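Okay, thanks for having me. I'd like to walk through one model today, so let me put it up on the screen.

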Amino acid sequence: MTQLSVCTALPPRPNESFAVGLLRRMLEIPSLSYEERPLAELLVRSMRELGFDARVDEAGNAVGEIERGGTRAVDGPTVMLLGHMDTVSGEVPVQARDGLLYGRGAVDAKGPLAAMICAAAAADRFRGRIVVVGAVEEETVLSRGAAHIGRTHRQPDALVIGEPSGWDTAVLGYKGKLDLVYEVEVPATHGSNPDPKASELAAACWAQLLDLLGPDAGHGSFDRPGPTLESITGDLTSARVEMSVRVPPGFDHDGLVSRLSERLPQGRLDLVNAVRAVRVGRTDPVVRALSAAIRRQGVRPGAKVKTATSDMNTLAEGWRIPMATYGPGDSKLDHSDQEHIVLSDYLSAIKVLTDALHELSDTLRPAASDPTEAHHRGQR
């Protein structure tokens, strides 16, 4: 396990001009999945400027750590703030207009990540350790950046995932996801031959999946599975279908794959990736801290669940700790040609995160202070 050295100097507090400038610089650097290195290097430089001990790790993540409280810091909690650096393709010219900042990733998810960096630097009443991660490849099937963090970093005492929730709302959970691939080949034959053709078998596979999921399946409900036909290609002799299913908590992944395989007379069905759903309650300490911080901004806090997936799913697979997702931005603008963030919301989110970090510092009991937990960690 790689350990970061500790920076104990009190860092400067970023002002609004710095916060907006940081986000704009992030937007000006393209960072498609697998091409995040230039952005990671910018974030490392920026975090060091703010007093973090920062580096690019083995997976390409930008990782910064800051510790406050002197000798008291070791008795304080460790809180991780993790957002992702990568974006989908598509150019959105970077420009500020009428209080809005446009650019690919402004919402998903450079805005939330920039807010996390600024909040961690501004949280000068925090006593303990804050780790900020800009993760790679969240927009891909395997979320390699978050998976690497889960394997190599000591489990923190709390986790905030940076995704657009709206500055006055926390996200309590996400659906899980199954990625399926069906491939089939059959001998060449005339189109009038009654034997099934590869293209027909591919279409039938999708139909069988829909039948297994039932008539109520769809993306409109958190509690029901939602299928997507990602692609279907082929001809009479060979065909390939890529499908995904967003699944609710408790869904039987293996059972679905087994039942679908039994219905396919030929070909091969592969489960490429499976991520389980995650959901926390409103009493989760991170949710409570975020909600209290939003309330102190004079707004009634909201809470919601999402039918997509995020790095919260990935890290919840191994970490049983308080967690929630939070960040400025309207998720309806994710991946759109009009992606933009409201700058006043972005600045409000920095205040909320800063306040929430202060509250977590006061209310969280570090797991390492529990001798039993410390013993279990030593056995891992």
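Let's start with an open sheet of three strands, antiparallel in its pairing, with the order β4-β5-β16. Strands here are DSSP E runs of at least two residues and helices are H or I runs of at least four, numbered from the N terminus, and two strands pair if DSSP finds at least two bridges between them. β4 (95-97) and β16 are at the edges with a single partner strand each, so one side of each has no neighbour in the sheet. On average, neighbouring strands in this sheet are turned by 20° against each other, ignoring direction.

Before I go on, this is a predicted model: local features need pLDDT of at least 70, side-chain atom pairs count only at pLDDT 80 or more, and totals for chains, interfaces and linings use all residues. Residues are numbered from 1 along each chain as its sequence is written, and side-chain values use heavy atoms, with hydrogens and water left out.

So, β5, residues 100-102, runs antiparallel to β16 and is joined to it by three bridges. Contact means heavy atoms within 4.5 Å, and axes are lines fitted to C-alpha atoms, for helices over the stretch in contact, with angles from 0 to 180 degrees between N-to-C directions.

Now, H340. Where does it sit? It's in strand β16, residues 340-342. Buried or exposed? H340 counts as buried because its relative accessibility is 17%; the cut-offs are under 20% relative accessible area for buried, over 50% for exposed, and partly exposed in between, using a 1.4 Å probe and protein chains only. Leaving out neighbours within four places in sequence, H340 contacts L100, L101, Y102, A106, V107 and L333. Take A106: 234 residues away from H340 in sequence, yet 5.4 Å away in space, C-alpha to C-alpha.

Last stop, strand β3, residues 78-84. Seven of its seven residues are buried. T78, M80, L82 and H84 point one way, while V79, L81 and G83 point the other. β3 pairs in the parallel sense with strand β6 (residues 128-135) over seven bridges, where H84 has A135 as its partner. With strand β7, residues 158-162, β3 also runs parallel, joined by five bridges, and there L81 stands opposite V160.
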